[in-house]
Amino acid sequence: MKSKIWQLTSTLLGSFLLLVLAGGCSGGSEKEINAGVFKVGLLSPGPVNGQGWTQIAYEALLKIEKELGAQISYVEVEQSPALFERAFRDYASQGYQMVLGHGFEFQDAALTVAKDFPNTYFFISSSKIREGNVIGVDSDSSEAFYLMGVVAALMGKAAGLVGGVEIPPITNAFIGFTNGVRSIDPDFPISTTYLGSWTDAAAAKEAAFSMIAEGADFIIPDADAAGSGVYQALNETGPGYWSFGIYNDYTSQAPNNMIGNYFNDYGQGLVNLARMVKDGNFDIQTNVEFGLKDEDVIWVKFVEGRVPVDVQESVETARQGIIDSKINTLSPIR
Amino acid sequence: MEPLAIVSFLAAVLAATWRLATPFIFTSLGEVFSERAGVLNIGLEGVMLIGAFTAFAITFFTGSPVLGLAAAITSGLACGLLFAFLTVSLSANQIVVGAALNLVGLGLTSFLYRSIFSGRMETAREYVSFSPLEIPFLSSIRFFGDILFKQNLMVYATPIVVLLGSFILYRTAFGLSVRSTGEHPRTVDSAGLRVSMIRYASVLIGCGLAAVGGAYLTVAHTNQFNEGITSGRGFIALAVVVIGRWSPWGAFAVSLLFGFFYALQLRLQAVSGITIPYQFFQAMPYLLTLVVFVAMRRRAAPPGALGVPYKS
C-alpha cells in the first residue's frame, strides 16, 4: 500500500516538474486613459513576442506608437473566447479609435461589441468581413504568385509547387501562380505536392528532389518553416534550378538558385490603416485586402542580374494589369 | 512509362526511401532495447527534438557536425537518465512521464531556439552538415549507384548500427539479461542481476539513439532547425517497433518500408496529371505499412513485463 502511494506521488511529482519545465508564462499591459490622443489597442492571440504571427501585430503596434505618436496597449487573450468581447469593450469604452483583433477568431466578438461603439474601428486579421465598423484585413498572395508564374513560364521548362497544408491562403497562392503561368503558356507543366505539415523540412526537401527528377526547374514552396527544405534541395542540386523566397529574403539559403523574393509586410499594412484612421480619411468601403497596389506591403524583388529585361517588362505589365484590376489572379482554373 | 523511365523513377524513390527511413531506424532500434527491457518510452518525439536542437546548436557554433552529433547523444543520455530515474527508480507511470517528456521536448527546444537563434539565421550562415558522400566507382554504377552510394554518413551508418544492436541483443550476456528483464524481471532478480541497472542501461540506449535520429534531421538530411521539425516521427517510431516485432532487423525493415511508401507518395504527388486528393497519398505510407504487416503476420507477443515497474 505504502509503495503504491509512493508510486502515485512520484508519478504526479515527476510529471508536474516536467510540465513546469515545459511551460512558459505570459503577461499583459494596460496604460492610463488619456482623452484626446490617438489610441490603438491590440488583442493578441498569444504571447506578443512569440515570433511569427503574433509578433507581426505587436511590432506593427510599436511602429504605430513611434511613427504616429499613438498611445498603444495590448492584451494577450490566449484562446479564451469569453475574454474577447470584454477586451474589445474595454478598449472601445476607453475611447480607443482603433482596435485590432489579430485573428479570424476575434470576428464574432467584434461584431457583438461594435454596435455599441460606432466611433471605434474594429479591424480583424485574416477576415473578409465588412459590417459597419468591423473590417476584415487580409493579404492576397495570389497576386505576387501570379508574377512568379509569369517569370517561371518565360524562363523555365516546368514548375513545382510545394504546399504545407491545403488551405485557402495556400491554394489561392497556387491558383495565382497557375494563372500567371497560363497567361504566358497554357501548356506549361505545373505539379503540386502538399506535405501535410508546416514543420517537416526533410519531407519538403524530398518533395523538391522528386519534382527535379520529374523535370521541374522552378520550384516554389509555400509551407512556412518546412519550405526551407526546398531551398536546400535546390542548393544541393546546383545552378539552373530556381525558386523565390516567400514572405522574406531567403537568398542566403540558396544563393545560386534564388531568382527573387516575395515580401509581405503585413505589419506595414496595419500601420497604413492606423495612419488613415488617425488622419480621419479612412474611406475604404469594403474589407481590406493588401495586394500589389499596396507597394510598401506586398512586392516582389528580383535578385540582381538573374532576370532578363524582356521578362522584367512582362512582369511589370502584369503587375500594372493586376493593380488596375484588369487581371483577376484568382480566376478559376479549369 | 518506358522501361528506362521506370528504372530512373524507382532509383530516385529508393534513394529517398533510405534517407527518409534513417531517423526511424535509429529511433526505433533504441526503443527496441528499451521495450525489450520492459520500459515503454512514448517520449521519443521529445527526445528526438532535444537531440535535433542540440545537434543543430552545437554544429552552428562549432562548425562541426561530428561535435553536434556527440552533443546530441549526450543530451539524449541526459533525457534517458531523467526518464529512467522517474520510471525505474521511482516507479512512476511510464506513459505519464513519456507524455511529459514530449511536452518538455517541444517547449524547451522552441524556447531555446527562439532565445538563441531569433533573428540570427538570415545573417551569418556558416553551417556545415553531413553532406552526401559519393563513394568512388560504386556511385557510378547505374541504378544502384544512386540508391546506395550517394548518401550521407549517417545513412550509411544505419545497417552497421542495426547489426551491432542485433549482435548485442541476441549474442551477448547483456542482451540476454535485457530480454529476460522485459519478459520476467523476477527471474533476473533471483539470478543475482540488478533489474534497475539493466533497465537504466536500456533506457539510456533508447534515448541516446532517439537523439541520434533527431540529430539526423538537422545535421544530415536538412541543415536547419525549426520548431517541431521532427513532425511526429517519434510516434511513428513507436509503431515501427511494434510492427517490427521488437527486433532490430524487424525495425530496420519496417522503417525502410515506411520510408519507401513515403517517398513513393511524394513522388506520385509530383507526377502532374494525377487528380487524386493529396490526403490519400498522405495516408498511403501508414495504410500500406499496416497492410504489409497484416499480410505477413506471425506470432509475436510484446515483452511480458512491458510497461510494468519492477519492485523487488
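Residues are numbered from 1 along each chain as its sequence is written, while chains are lettered from A and ligands numbered from 1 in the order in which they are written. Because this is a predicted model, local features need pLDDT of at least 70 and side-chain atom pairs count only at pLDDT 80 or more, whereas totals for chains, interfaces and linings use all residues.

**View 1. Chain A and its two domains.** Let's start with the overall layout: chain A has 10 helices and 13 strands. Helices (H or I, at least four residues) and strands (E, at least two) are DSSP runs, numbered from the N terminus. Domain 1 covers 39–139 + 267–290 and domain 2 covers 142–264 + 304–323, with bounds from an automatic or database domain assignment. Their C-alpha centres lie 32 Å apart. Of the 334 residues in chain A, 49% are buried; that term needs 20 or more other C-beta atoms within 10 Å of the residue's own, exposed means 12 or fewer, partly exposed is in between, and C-beta atoms are placed from the backbone.

**View 2. The parallel sheet β8-β7-β9 of chain A.** Here 3 strands form an open sheet with parallel pairing. β8 (190–194) and β9 (218–222) stand at the edges with a single partner strand each, so one side of each has no neighbour in the sheet. The twist averages 15° from one strand to the next, using axes that are lines fitted to C-alpha atoms (for helices over the stretch in contact) and angles from 0 to 180 degrees between N-to-C directions. Follow β7 (residues 159–163) of chain A to find 5 bridges to β9(A); strands pair if DSSP finds at least two bridges between them. Ala159(A) has Phe218(A) as its bridge partner in β9(A).

View 3. β10(A) and β11 (residues 258–264) of chain A run parallel, joined by 5 bridges, and Ile246(A) has Tyr262(A) as its bridge partner in β11(A).

**View 4. Ile333(A), after helix α10 of chain A.** Look for Ile333(A) in the segment after α10 (309–323). Ile333(A) is exposed, with 10 other C-beta atoms within 10 Å. Leaving aside neighbours within four places in sequence, Ile333(A) is in contact (C-beta atoms, placed from the backbone, within 7 Å) with Ile175(A), Thr178(A) and Asn179(A).

**View 5. Helix α1 of chain B and its kink.** Helix α1 (residues 3–36) of chain B has a kink of about 40° at Ala21(B), shortly before the proline Pro23(B); the bend is the angle between axes fitted to the seven residues ending there and the seven starting there. In α1(B), 24 of 34 residues are buried. Just after α1(B), Gly38(B) takes a positive phi of about 95°.

**View 6. Where chain B touches chain A.** The contact takes 43 residues from chain B and 41 residues from chain A. On the chain B side, α4(B) gives the most, with 10 residues.

Note on methods. Contact = placed C-beta atoms within 7 Å.
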